[in-house]
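Hi,

Here is the structure I promised to pass on. My notes follow below it.

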Amino acid sequence: MAYNLKEEVQKPERLSGGHRMCAGCGAPVAVRGVLRALNPEDKAVIGSATGCLEVSTFLYPYTAWQDSFIHSAFENAAATIGGVEACYKVLKKKGTVDETFKFIAFGGDGGTYDIGFQSLSGAMERGHDMVYVCYDNEAYMNTGIQRSSSTPRFADATTSPAGKVIPGKPQNKKNLTEIMAAHNLPYVAQTTFIGNFKDLHEKAHKAIYTPGANFLNIMAPCPRGWRYPTEDLMEICKLAVETCVWPLYEVENGVYTLNYEPKNKLPVEEFLKKQGRFKHMFAKGNEWMIEEAQKFVDEKWEALLKKCR
Amino acid sequence: MGIRDRLSGNEAVAIAMKQINPDVMGAFPITPSTEIPQYFSQYVANGQVDTEFVAVESEHSAMSTCIGAEAAGGRAVTATSSCGLALMWEMLYVAASARLPVTLACVNRALTGPININNDHSDSMGARDAGWIQIYAETNQEAYDNFVQAMRIGEHKDVRLPVMVCQDGFITSHAIENIELIEDDQVKKFVGEYHPENYLLKKENPMAVGPYDTAAYYMEHKKQQAEAMKNAKGVILEIAKEFEALTGRHYGLFEEHMMEDAETAIVIIGSSAGTAKQAVNELRAQGKKVGLVKVRVFRPFPMQEIAQALSKVKAVAVMDKTESFSACGGPLFAETRSAAYDLKNRPAMINYVYGLGGRDVRVEDIEHVYAELDKIVKTGETGEVYRHLSVRE
């Protein structure tokens, strides 16, 4: 059946409203988008790393999660949900559980690119039947916008501030999607919020229903950290894709597919200028920063195109 | 009746695990506990158990796997030592606070700094306040018996806490001793099936585990954990009674050896108790009124009971196989001295830190401790309270 957003949003919400995530935050949008891809008759156990998502959706004694949910710590969402999945296999064999359960772990970029990287790599290598979803907002937002290995170069974060000598984060963003593709997983994809959410929906469905350990990286902007007006969330995501800062692609059993190629690739400043964290890059004399940023995007884009052809 | 065998402590614990047939084992190799997952993975490979063996990439993930599995509604086990336990540290607290009765075989080894693979209790003693029940073994037989009893204790509705079953690295884990195993079906019957009330995979009632717990609730939850630990004491004794009916082997919170008329006593944990008993027997043969208390259960700490056991002695040496760097003694000493505070006639009490990083503990070392206690009784002077045994100055 063809994808239809109007029909999709009629499905009962699996993450209830009333949680405490900020307006204009990408994380709950990503979560709801992924959970909509679950077949309604299937049950799920959702795991979450410590982070905004966890502390804002499950404050004792309230939970926004309609499915079973587990949080244990910051760096181990993958291992924790892997343990749930391992137990499911046994209980299913024994006949204690007969329903179909799916297993989805969510983590921010801090809990995924950095502190949870080992746990993620381990769980993926072991091949648990699960999906790990990174909602990538490019910094440690829960603790107050500290830089992570996902933070792009030059971004002004609270532990990589733009100062008189050092102009924001010195290092480029780590390419985690490529690292996960190098794990030779059945399904790895990168997406964000575009148009009618078809790209996210289809990727989430494939990630959930392709047997094995799969990885989904979703750019999920943070209005506080990126410093944009909350209503600009969708516009920022669109610009990330149109500038090729965040290409939409998937890797199925090693085969790369580019899901969207901009007709007119926009210059990177179109994406940067919308965000306060890059403001200093537009000061007089800092033109080289934008050039460097463009160079980085171009190189990565060309390399990706080669893999996709 | 029982099956007579000769086994290392590690193999005995692995066999207990096989007989229990847990749902998930998450494990990572570390000396000297490595053999346990090794033996166990062979049982898995041979189809002798139904367990999912999750060969994780770290002990942190081993405990995380166990937490996930136990929350999912199954029985989860792991085994570790030393730095492995240290890497689990964060997750030990999570397992306890989420009230998940994971069972951990701890093969005690010195914590690194500097690296040392031999036995002392710095690993599990460092984790003593994590909210886990801790049961220690003197022999291979005790390591096996304690493991068989552990799940019944942890899963009890009044307890619901994880259990650490400790034995001494190499001393019991690798040494082969005569042992009496219980028949498979008897173990299965004794341990029973696990039917938690609520679990993640319960279809009719989804569950959320691991909330953000604000100041409005956190303290109540900690109090509940503390109550559970208090309840554990009675449950441990209940299960021990059932175990005795099955095997004839008696277990308590601690064991008293020659304490009836003892004037001086040693309080000790683990395999060194065997050495100390030998010293007691030799000194008794010389007419000396010496006794020994071997602590089996350190968490919950049997405070009143130990105080009672020491109520008639004149001087006590508490033996800590770990340094706590408090500058005034080890953890067993702190607990024991605190317990004795309520006694009308408090014995003099000293602390010996001993056996660190595998430093050999001989019968004559223990005899030296009793000689020092003798001196205290004769002179009425306690002298230095915080001492180290068999160490070059």
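Predicted model: local features only at pLDDT ≥ 70, side-chain atom pairs only at ≥ 80, totals over all residues.

A:Phe69 stands opposite B:Ala208, a residue of S9(B). The strands here are S2 (residues 68-71) of chain A and S9(B); they run parallel and are joined by two bridges.

Residues are numbered from 1 along each chain as its sequence is written, with chains lettered from A and ligands numbered from 1 in the order written.

The interface. Chain B gives 38 residues to the contact and chain A gives 39. (Contact means C-beta atoms, placed from the backbone, within 7 Å.) On the side of chain B, the elements giving two or more residues are S2 (24-27), S3 (52-55), H3 (59-72), H4 (82-97) and S9 (208-209). H3(B) has the largest share, ten residues. By class, this side has 19 nonpolar, twelve polar and seven charged residues. (Ala, Val, Leu, Ile, Met, Phe, Trp, Tyr, Cys and Pro count as nonpolar; Asp, Glu, Lys and Arg as charged; the others, Gly among them, as polar.)

The sheet in chain B. Seven strands form an open sheet, in the order S3-S2-S4-S5-S7-S6-S13, with mixed pairing. S5 (residues 103-108) and S7 (residues 163-168) of chain B run parallel, joined by six bridges. B:Cys106 has B:Cys166 in S7(B) as its bridge partner. H6 (residues 140-155) of chain B packs on the sheet and touches S5, S6 (133-136) and S7 of chain B.

H8(B) bends by about 30° at B:Ala232. (The bend is the angle between axes fitted to the seven residues ending there and the seven starting there.) Among the buried residues of H8(B) are B:Ala228, B:Ala232 and B:Phe243. (Buried means 20 or more other C-beta atoms within 10 Å of the residue's own, all placed from the backbone; exposed means 12 or fewer, partly exposed in between.) The buried residues of H8(B) pack against S6, H6 and S13 of chain B. Just after H8(B), B:Gly248 takes a positive phi of about 80°.

Best wishes

Terms used: Contact = placed C-beta atoms within 7 Å. Helix = DSSP H or I, 4+ residues; strand = E, 2+ residues; numbered from the N terminus. Pairing = 2+ DSSP bridges. Axes fitted to C-alpha atoms, helices over the stretch in contact; angles between N-to-C directions.
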